[in-house]
Amino acid sequence: MNNEWDVIVIGAGLAGLTAARYLQSAGIPTLVIESSERPGGRVKSDLIDGFTLDHGFQVFNPQYPNLKNTGLLPTLGFTPIALPFSPFRVVGGVRTPKDLLTPFLRGVFLTEPSQVSSRVRWEIYKSFLRGRPGLVDGGASAFSQALAAPVTDIHYRETVHRLEGDRVITDHATYQAPIVIIATDPVTATQLVADIDVVRMNASTTWYHATKEAVDGAGRLAVTKNGALINSFAISDVKASYSSSGRQLFSSTALSVISESEVRRELSRIWGRDTSHWEFVAQYEIKQSLPVHPQGKPLYSEIEVNSGLFVIGDHRGYPSQQAAMETGKVCAKRIIARELRARS
Ligand SMILES: Cc1cc2nc3c(=O)[nH]c(=O)nc-3n(C[C@H](O)[C@H](O)[C@H](O)COP(=O)(O)OP(=O)(O)OC[C@H]3O[C@@H](n4cnc5c(N)ncnc54)[C@H](O)[C@@H]3O)c2cc1C
């Protein structure tokens, strides 16, 4: 096994994969080490009992420049979801535009919008003005697999434990590279590198239920002004391939862990019917969903924290697929430019 590389990328989430795609296509020998068994990090889904189940309410915006650049969404059967500006269901009454937008944005930021820096809010608003986000066939994992497809030399199920200078120590081996890119989740990044600030994370829990009932109009996102669930919709009405069994699949998200009975009570309130017989399919509690981006933090933080040591990912930008990929792209381009200078 070759243990010496020009670049080692730790983590095959969107940031790490983006960096690896640019570096390898520039001919720079790059190893990717990923602790889990699949690519995509937080962008993942399971196929269970004929259902596609994303880990959380995750959508793709075709106008995010870095998503657009990959050219992947049209090849994956992208379908936009209905947003607040289309006929839309709000539970709890709407008197002002804020009554509509605040509950919706709570689902986007996975916290109160007022807790998010105004610059980040503006970036996200702009992305909604540019394009309608949506879903792809095969779910979030289909996108991650397609993004990873051209990347060679990915070691799955291998966890990096620590860095010692230019050495990367995993549970399998020790590798060496003059350039190391940490593309892990924010919490692991702060454990591997002492020089970056600890990041607080917002949590979320998404529940899936199925019913044979055929609830009309449920493909529109229902948001609640108050209540334990922040949104709910029949995800299979937007993307039929999310349920191959003829049953309607509902995705409902909460910002905290709530009991099954509370979820069912909320579902009944939102959809105006008895949901006690709806089939429970799965529950995904994601304790580390999105990094908190407080007021005053710049949109992007410096990614080269020490000479030859880069830290990338959404926590070095703002919580989104776009920013995670942007940090990967910027990092790779810097390294490629140096390589070209060194060769000339
Ligand atoms: C529920 C939810 C909904 C979301 N919805 C949206 C949305 O609709 N739109 C949007 O733009 N963004 C959304 N996001 C945010 C978006 O998914 C993230 O910002 C983005 O995927 C972060 O990518 P990343 O590469 O920075 O990190 P991650 O996805 O966290 O990837 C890090 C990778 O590093 C690996 N790793 C960790 N530790 C180690 C180690 N020691 N050794 C080796 N590998 C390691 C992990 O297994 C993982 O694969 C959502 C996130 C969540 C959780």
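1. Basis. The model is predicted: local features need pLDDT of at least 70, side-chain atom pairs count only at pLDDT 80 or more, and totals for chains, interfaces and linings use all residues. Residue numbers start from 1 along each chain as its sequence is written.

2. Domains. The protein chain is assigned domain 1 (7–39 + 151–199 + 294–343) and domain 2 (78–117 + 126–133 + 201–291); such bounds come from an automatic or database domain assignment. Taken over C-alpha atoms, the centres of domain 1 and domain 2 are 33 Å apart. Contact joins 11 residues of domain 1 to 6 residues of domain 2, where contact requires C-beta atoms, placed from the backbone, within 7 Å. On the side of domain 1 that touches domain 2 there are 5 nonpolar, 3 polar and 3 charged residues. In this division Ala, Val, Leu, Ile, Met, Phe, Trp, Tyr, Cys and Pro count as nonpolar, Asp, Glu, Lys and Arg as charged, and the others, Gly among them, as polar.

3. Ligand shell. There are 35 residues around the ligand, and Gly11, Gly13, Gly41, Gly56 and Gly313 come nearest; a residue is near a molecule if its C-beta atom, placed from the backbone, lies within 6 Å of it. Helix H1 (14–25), strand E17 (279–291) and helix H9 (321–343) each give two or more residues to this shell. Helices (H or I, at least four residues) and strands (E, at least two) are DSSP runs, numbered from the N terminus. By class, the shell holds 14 nonpolar, 17 polar and 4 charged residues. Domain 1 and domain 2 each supply at least three residues to the shell.

4. Six-stranded sheet. An open sheet of 6 strands has the order E8-E2-E1-E12-E19-E18, with mixed pairing; strands pair if DSSP finds at least two bridges between them. E8 and strand E18 (304–306) are at the edges with a single partner strand each, so one side of each has no neighbour in the sheet. Helix H1 packs on this sheet, touching strand E1 (7–10), strand E2 (30–33) and E12, and its direction makes about 165° with that of E2. Axes are lines fitted to C-alpha atoms, for helices over the stretch in contact, with angles from 0 to 180 degrees between N-to-C directions.

5. Pairings in that sheet. E1 and E2 run parallel and are joined by 4 bridges, and Ile8 has Leu31 in E2 as its bridge partner. Strand E12 (residues 179–182) is parallel to strand E19 (residues 309–311), with 3 bridges between them; Ile181 stands opposite Phe310 in E19. From E2, Thr30 and Val32 point one way and Leu31 and Ile33 the other way, and all are buried. Buried means 20 or more other C-beta atoms within 10 Å of the residue's own, exposed 12 or fewer, and partly exposed in between, with C-beta atoms placed from the backbone.

6. Three-stranded sheet. Here 3 strands form an open, antiparallel sheet in the order E9-E10-E11. Strand E9 (160–164) and strand E11 (174–176) are the edge strands, each with a single partner strand, so one side of each is left without a neighbour in the sheet. On average, neighbouring strands of this sheet are turned by 25° against each other, direction ignored. Strand E10 (residues 167–170) pairs with E11 over 3 bridges in the antiparallel sense, and Arg167 has Gln176 as its bridge partner in E11.

7. Helix H5. Of the 9 residues in helix H5 (residues 140–148), 7 are buried: Ala140, Ser141, Ala142, Phe143, Ser144, Leu147 and Ala148. The cover over them includes H1, strand E3 (45–48), strand E4 (51–54), helix H2 (65–70) and strand E8 (154–155).

8. Positive phi. Most residues other than glycine have a negative phi. Asp49, not a glycine, has a positive phi of about 50°; Asp49 lies in the loop between E3 and E4 and is partly exposed, with 14 C-beta neighbours inside 10 Å. Leu110, also not a glycine, has a positive phi of about 55°. Leu110 sits in the loop between helix H3 (97–109) and helix H4 (118–130) and counts as buried because it has 23 C-beta neighbours inside 10 Å.

9. Pro291. This residue lies in strand E17 and, with 22 C-beta neighbours inside 10 Å, counts as buried. Leaving aside neighbours within four places in sequence, Pro291 is in contact with Pro186, Val199, Met201, Asp314, His315 and Pro319. Ser307 is 16 residues from Pro291 along the chain, and their C-alpha atoms are separated by 25 Å.

Definitions and conventions
Contact = placed C-beta atoms within 7 Å.
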